[in-house]
Amino acid sequence: MRVEVSAEVPAQPGARKPDPVLVIDSITRSFGGVRAVDVAHLEFQRGWITGLIGPNGAGKTTLFNLLTGFDRPDTGRWTFDGIPLSRLAPHQVARRGLVRTFQLTKALAKLTVLDNMRLAAPQQTGERFFGALLGTWGRQEQANTGKAMELLTRFQLDAKAHDLAGCLSGGQRKLLEMARALMMDPAVVMLDEPMAGVNPALTESLLQHVKSLRDDGMTVVFVEHDMDVIRDISDWVVVMAQGRVIAEGRSEALSANRAVVDAYLGSHHDQVLEFDADGNPVGQTAMLVAEIESELEAAIERGQDLSA
Amino acid sequence: MRPVGPVRSPDGARPDNSGFTRPVAGLLRAVLGALIAIAALTGLAAPALATQQPPHGTSSQPAPPEQPGLPVSGTLRNVDGTLLSGVRVQALDASGQQVASTTSNTGGRWELTVPTPGQYTFRIDRQSLPPGVTVLQGEVVRDVAPGTLSLVVFRFGAQRAGLQTSASATALRVLVDGIRFGLVIGITGVGLSLIFGTTGLTNFAHGELVTIGAVLAWTLNVTFGLQLIWATLLAIVAGAALGAATDLAIWRPMRRRRAGLIAQLVISIGLALALRYLVLIYFGGRSESFADYTNQVERNYGFISITDKDLATIVISLAVLVGVALLLQRTRIGKAMRAVADNRDLAASSGINVERVVLFVWILAGALAALGGVLFGLSELGGTVQYEMGFNLLLLMFAGVILGGLGTAYGALLGCLVVGVLVQVSAQVIPVDLKYLGGLAVLIVILVIRPQGLLGSRARIG
Amino acid sequence: MIDIASLLANGIAALVGPSAIFFALLAIGLNVHFGYGGLLNFGQIGFALVGGYGMGIAVLYFGLPLWSGVLVGIVAGVVLALLLGIPTLRLRADYLAIVTIAAAEILRLITRSTSMTDFSGGTQGLTGYGGSFRQLSPFDNGRFYDFYGVRFLGQDLWAICVGWTVVGLSLILVFLLVRSPWGRVLKAIREDEDAVRALGKNVFVYKMQALVLGGVFGAVGGIVFALTTQSLTPDFYSPPQTFFAYAALIIGGAGRVFGPVIGSMIFWFVLSITDNFLRQATAGSNPLISFIDNQDVGAIRFVLVGVALAVLMAFRPQGIFGKRSEVLLDAR
């Protein structure tokens, strides 16, 4: 069914989808003169896994930050199920069902795994100052604990429920973050590089979990810079480079796209880096280094000199 | 050397406490004494200086031995430096009875004799003043005792100078005062900002670097008799060494242990507290005066009257700040400092030795703080040094540095200048003991309106 | 000679005395701010000031009865927290630190200003607002009560009883809050604000609630202390007092319900003993310790507190009882 629908969508940037859940229009964001994001039109289809790929610095994470309210765009608007989301604060976006994870996992290390999960449950009476004092939140807490344990079992974290989240491995933290997002019953899950820094043995299991989100009826958008990883599971792939969407389409179709290969692999890709015995760059590599350094210096000259 | 001016902190400024309520009282007295002194000196030093009797000039004072009673004398000098003649000065005893009176001579000098030791009130007869001269303090109560030189200083109105000078002259004077103060804040604030930019540390102990610099210069100057310029130069070297020492002994190990910035911030507060009271133990709670440049009269440059030391403060500050700017802009180490502040990881990966750069930042900040301490004492505190001076300056430094944008060097400078001017302008309209309030209030206002500061970028505040 | 019995008696008096109560309340507030919420309030003494002065001015200047003066003091703490929180709580942690210390200093300068003498009593401060508090005392105000050599004046004993009751109630309140989902959100914010935002919580509101709550504890501390001493003097409310409270909090363990109280008691016990010891050891014509001037003993306590604060933070940020793995403050 999904395959059939996706075959009908034209593989071009900004293509219309039959049932978009998230629609973006002319969103831009600059940092000190550099356009980090500049997307004219982009739609995400409901119920699909959409992979958002592109080289480092393509603006994927910035786009995520903008869509989820963690950053403010210079221009642009976007709607979620027809409701405008622009200008909303991060927590308001999350409450409307658009939940994200982070590239560097934000498992709350000093809370137990179970508390991490229960924290995410929406609309808790005990979360309000006076509600907490009244002490009438016990039953709700019980229900949330039950739901949390179910999800932890599904993500094979139930044995760790009472450990501090700081004790988990990198892959387990990714799983915890995903499970935690599900506590909020989101409509759209946005995963920022869920596979980054994960033991390759765990990658397959993570991918299965991503698929299972879709099978539960959720829309999944995830950022990845390794194209091979997403080929199997994505229903649709959006390619970004230098802040723009340069291509979109089904993953098998994109591998042949010349623009994608160029942008993605970059002009430096096939260049072998050369160093002398002392580790100093030589030849082409030295020129490349000089170029990068002068860019750095120019950025310092231009920018507000000492801001990090 | 005695403190300048008629105002001195009360005796017992050192905490003296035992039991439970005593520590409170002791602390209170220490802080109270110090603050009275600082408020009075900062606010009133200029007129006080203007009317101060030169200590050496009094040695030639004729005190006729055949005359019974005790001589009391003084010189009447207006704020603009002119000597006031023909002004009647009266002495009243405890019951309010006039016991003596005299009139000042052409040199502004007056001298009278009271019959017995005891407490007297000395008063200027306002009727006898030349037109346009106003009195700030026309009544002085003084214990007259045998065997001591009794000098009475009256202060003439600085605030109500509008009678003699035009509004624009006042405005210009306030502006110059503000720029002078702002430059001093800036000299110390640049270091604070650079430390923040390169290491992320909000250094609450920066004020103590300022105090220690000033106290060292004072020690060399007063205790060892070194001329103040040489004393200051040595203090700067010591300040640089102290900056380096704190980095090597405390902050570098903390960074190596990956201590959190909040932990580091609390450590800097503990350090500040310990250092401040070590200075108190060594130096005492009083304001003490430098040996040089204490009694300066304003010179008139046509459009502005200014004392030599204030002028020197401005010139030195400007020269040093231009030097710092050139350092940041032109030299290898300066560029490296900016690169580290811009992006520590990127700088490290492009071959910059970050720890060396940070050490240099501390050396520079320590040296600047020491110089700033001397200039602060010399210009703003009426030539005196005081153990809490650094902490008082610290809050204004923060105000300036945040106003300009925390972590930026040029922003810090601009922000400090604005704060300096603001403090001096606000002193025109609000009570003198609330003078620093304007500078602190701007801190809160700027955080509401533009938290990244004047020159800061949006990304770093979040 | 050192009189060990009197050292201990003084030390035990300090263990439960008004200072321990005052700093316990300040530190309970800081525990909510710093220990649970990760907020850096360096102007806690300013909250105590508005609490005490709010009460004093309400009674003396506006002629309100004492109980409504207490309410005014608490409301003043709430207002101060809102004023400080609105501009800074959206910004990085150190902005709050700078603004709070500046605000505390502003408040002290205003209350001691001669231009405010009619209102706040200037440097003289205020007295005579709390007479009705002493009238409530069941003890004989002028009599000394002896507990195995530890003596308290009746009026102080009354204040101490009231003070520890307030401390107890505050601890119950904190306990109820931190074990609730509300406390869980706060602890999560301390660790990573963005994670909590992404989970749909309004971080700003929680931080503001924490700032107000901790500020109210500070204001209540100021009120209790002002009722104990029956006088308000502006220069008591100086910045180092906040750092004393921080030292007490970190000794006892930040982020633990009883941490601030235990820390405050230990802090004053140790401070009283070292203070008295140094005083005795440096006094007289042939002092035990000759290189310290008797007059400097008061300043030495500040040095000791400062060093203790720095050393604890560097080597035992979890407090003297905590486990290393529980250290909460290494965020950022």
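This section describes two interfaces of chain C, one with chain A and one with chain B, in a predicted model.

The contact between chain A and chain C involves 30 residues from chain A and 28 residues from chain C. Together the two chains bury about 2600 Å², with carbon and sulfur atoms accounting for 65% of that area. Four elements of chain A, namely helix H3 (90–95), strand E6 (98–100), helix H4 (113–120) and helix H5 (129–134), each contribute at least two residues to the side that touches chain C. That side of chain A comprises 17 nonpolar, 3 polar and 10 charged residues. The interface of chain A and chain C holds 4 salt bridges. One salt bridge joins Lys201(C) to Glu127(A), with 2.7 Å between the closest N and O atoms. Polar contacts between chain A and chain C amount to 14 residue pairs, counting residues at pLDDT 80 or more.

Between chain C and chain B, 62 residues of chain C touch 56 residues of chain B. The buried area here is about 5300 Å², and 75% of it comes from carbon and sulfur atoms. Tyr95(C), Ile98(C) and Phe302(C) provide 12% of the area that chain C buries against chain B, more than any other three residues.

How values were computed:
Residues are numbered from 1 along each chain as its sequence is written. Chains are lettered from A and ligands numbered from 1 in the order in which they are written. This is a predicted model: local features need pLDDT of at least 70, side-chain atom pairs count only at pLDDT 80 or more; totals for chains, interfaces and linings use all residues. Side-chain values use heavy atoms; hydrogens and water are left out. Contact means heavy atoms within 4.5 Å. Buried area is the accessible area (1.4 Å probe) that two parts lose on being put together, summed over both. A salt bridge is a side-chain nitrogen of Lys or Arg within 4 Å of a carboxyl oxygen of Asp or Glu. A polar contact is a pair of N or O atoms within 3.5 Å; within protein, one must be able to donate a hydrogen and the other to accept it, and residues adjacent in sequence count only if both atoms are side-chain atoms. Ala, Val, Leu, Ile, Met, Phe, Trp, Tyr, Cys and Pro count as nonpolar, Asp, Glu, Lys and Arg as charged, and the others, Gly among them, as polar.
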